[in-house]
Amino acid sequence: MTFQYWNKKMETLPRPELEAWQLEKLRETVKQALRAPFYRKRLTEAGIRGPEDFKTPGDLGRIPFTTKQDLREGFPYGFLAVPREEVVRLHASSGTTGTPTTIYFNAGDLKRWTGFVARCIYGTGCTRADVFQNMITYGLFTGGLGFHAGGEEVGMLVIPSGAGNTTRQFHLMRDFGTTVVHATPSFLLHVEAKMREEGVNREHLKLKRAFAGAEPYSEDTRRRIEDLLKIDVYNSYGLSEMNGPGVAFECQHKDGLHLWEDGYIAEIINPDTLEPVRDGERGELVLTVLCREADPILRYRTRDLTAFYTEPCPCGRTHRRLCRIKGRTDDMLIINGVNIFPSQIEEVIMAMGEVGNNYLIEIEKEGELDRLTVKTEVTPETFMDDTRPLNALKEKIRHTLQASITCNPRVELHESGSLPASEGKAVRVIDKRPRDG
Ligand code: AMP
Ligand code: ZN
């Protein structure tokens with residue numbers, strides 16, 4: 001396989017040079033951060049006077065972590081490190097975990113961000129010949145405009161279709177010969193189910209590739225989308241605090257996400273002890289942005305759980321790979337004292353061929369106990385009038401889940417297309433337990 005690089009020199013920079021680059025950029029970033037009210041105080045309190053305090057990569061550890069709570073407290077302009085007049089764009093996090101936080105870009109920041117997104121897109125084999133339909137929310141969410149700009153930078157024809165409006169998405173795909181799409185994995189599954197329902201002939205479409213991200217999904221879900229739509233699916237990871245998409249992405253080898261270490265410094269820590277984990281061990285990802293002047297954020301605790309690959313990638317890129325992000329520290333559900341990540345449930349059900357493209361997890365209080373219900377759609381072929389095979393399937397799901405999560409769930413089967421579908425990030429967990437209970 002021949003691999004395609006957007007910026008071969010930077011993507012394959014030998015590690016010592018990459019680390020020297022990071023140190024240089026870290027110094028510049030610290031200098032810039034000291035101009036923001038929040039960091040002037042925070043860094044001064046930590047005894048940091050300026051870039052001269054950073055002589056080796058290990059000096060990064062002198063900087064205190066930044067949390068989501070810090071960002072909220074700095075709202076709206078506490079993290080701004082340039083005059084307001086220099087800012088040309090703002091974006092906000094999707095607010096799935098509380099009040100949204102805002103980030104700011106100057107013109108150079110936007111250019112650098114676009115460069116990283118273009119690198120991701122090009123690295124999957126896209127060229128100017130491609131037609132790219134960006135089926136994700138535009139607006140404050142970074143996924144829309146971020147991928148839009150990256151796609152144009154690569155020179156593809158970009159269709160800013162946005163999320164939702166499934167039937168129109170098919171028309172656009174057919175009329176303009178869309179070859180590449182970007183969406184959340186849940187929306188891709190929804191689109192596929194609708195396609196079947198509306199009798200859209202896959203053979204009339206030119207689709208060959210999708211970028212799927214913004215929410216966790218399992219390897220089985222990827223395979224399901226790939227098999228159903230007959231395309232290649234690439235995992236895309238980013239977060240608004242670190243610009244948005246373009247932080248880490250799969251290359252054509254499709255095994256692990258290269259984190260662009262010339263734009264970000266990544267650490268993985270044990271979320272309890274805050275100490276770095278051993279190489280290859282799972283923990284919380286901590287990121288420092290090296291490519292943003294308007295709004296520098298240092299050692300940000302993402303709450304996303306992942307690990308570094310220890311082996312280099314056959315594609316030749318020197319930037320380390322992250323494992324698929326299966327969930328966040330704050331995703332964890334405690335059900336009758338058992339810790340469960342929603343991704344563990346997804347892994348079990350999406351591996352079953354009879355299961356459809358959508359599912360929901362519901363938790364309620366029943367007396368003193370927590371009650372977990374897994375509601376899943378089944379494929380139209382499975383959903384028949386005869387209830388015997390359905391009962392057997394229900395029992396199989398219940399049994400497999402129980403073995404994997406050591407918790408006995410109730411299982412409900414639903415007709416394909418009947419559970420609420422989402423256009424943006426899927427809301428998979430409905431926790432009906434009283435908050436203070
Ligand atoms: P936002 O700042 O609203 O864009 O949300 C960013 C968050 O979405 C990240 O911190 C992750 O929790 C999640 N996320 C984004 N991309 C992925 C992905 N490919 N896999 C798993 N989670 C993701
Ligand atoms: Zn690679």
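This is a predicted model: local features need pLDDT of at least 70, side-chain atom pairs count only at pLDDT 80 or more; totals for chains, interfaces and linings use all residues.
Mentor: Buried means under 20% relative accessible area, exposed over 50%, and partly exposed in between (1.4 Å probe, protein chains only). Residues are numbered from 1 along each chain as its sequence is written, chains are lettered from A and ligands numbered from 1 in the order written, and side-chain values use heavy atoms, without hydrogens and water.

Trainee: Where does Glu281 lie, and which residues does it touch?

Mentor: Look in the loop between strand S10 (264-269) and strand S11 (283-289); helices (H or I, at least four residues) and strands (E, at least two) are DSSP runs, numbered from the N terminus. Leaving aside residues up to four places away in sequence, Glu281 touches Ile268, Thr306 and Ala307, where contact means heavy atoms within 4.5 Å. Glu281 and Asn270 sit 11 residues apart in sequence, with 9.2 Å from C-alpha to C-alpha.

Trainee: On to the metal. Which protein atoms are the donors of the zinc ion (ligand 2)?

Mentor: Donors are N, O and S atoms within 2.8 Å of the metal (3.2 Å for Na, K and Ca), with water not among the atoms, so sites may look incomplete. For the zinc ion (ligand 2) they are Cys251 (SG), His258 (NE2), Cys313 (SG) and Cys315 (SG), at 2.1 to 2.3 Å. Along the chain these donors follow the spacing C-x6-H-x54-C-x1-C. Cys251 and His258 are both buried.

Trainee: What makes the arrangement around the zinc ion (ligand 2) tetrahedral?

Mentor: The angles. Four donors count as tetrahedral if all angles lie between 85 and 135 degrees. The four donor atoms here subtend 103 to 117°, which makes the arrangement tetrahedral.

Trainee: Now helix packing. At what angle do helix H7 and helix H8 pack?

Mentor: Two packed helices are described by the angle between their axes and the distance between the axes. H7 (residues 166-176) and H8 (residues 185-197) pack at about 80°, with their axes 10 Å apart. H7 and H8 are therefore roughly perpendicular to each other (under 35 degrees is roughly parallel, over 145 roughly antiparallel, 65 to 115 roughly perpendicular, the rest oblique). Thr166, Gln169, Phe170 and Met173 of H7 make the contact with Phe187, His190, Val191, Lys194 and Met195 of H8.

Trainee: And how are H10 and H11 oriented to each other?

Mentor: H10 (residues 342-349) and H11 (residues 387-405) pack at about 140°, again with axes 10 Å apart, and are therefore oblique. Gln344, Ile345, Val348 and Ile349 in H10 meet Ile397, Thr400, Leu401, Ser404 and Ile405 in H11.

Trainee: Which residues of helix H9 are buried, and what covers them?

Mentor: In H9 (residues 219-229), the buried ones are Thr221, Arg222, Arg224, Ile225, Glu226 and Leu229. Their cover includes H8, strand S7 (232-239), strand S8 (244-250), H10 and strand S17 (355-366). Just after H9, Lys230 takes a positive phi of about 55°.

How values were computed: Four donors count as tetrahedral if all angles lie between 85 and 135 degrees; four count as square planar and six as octahedral if opposite donors are over 155 degrees apart and all others between 65 and 115; anything else is irregular. Axes are lines fitted to C-alpha atoms, for helices over the stretch in contact, and angles run from 0 to 180 degrees between N-to-C directions.
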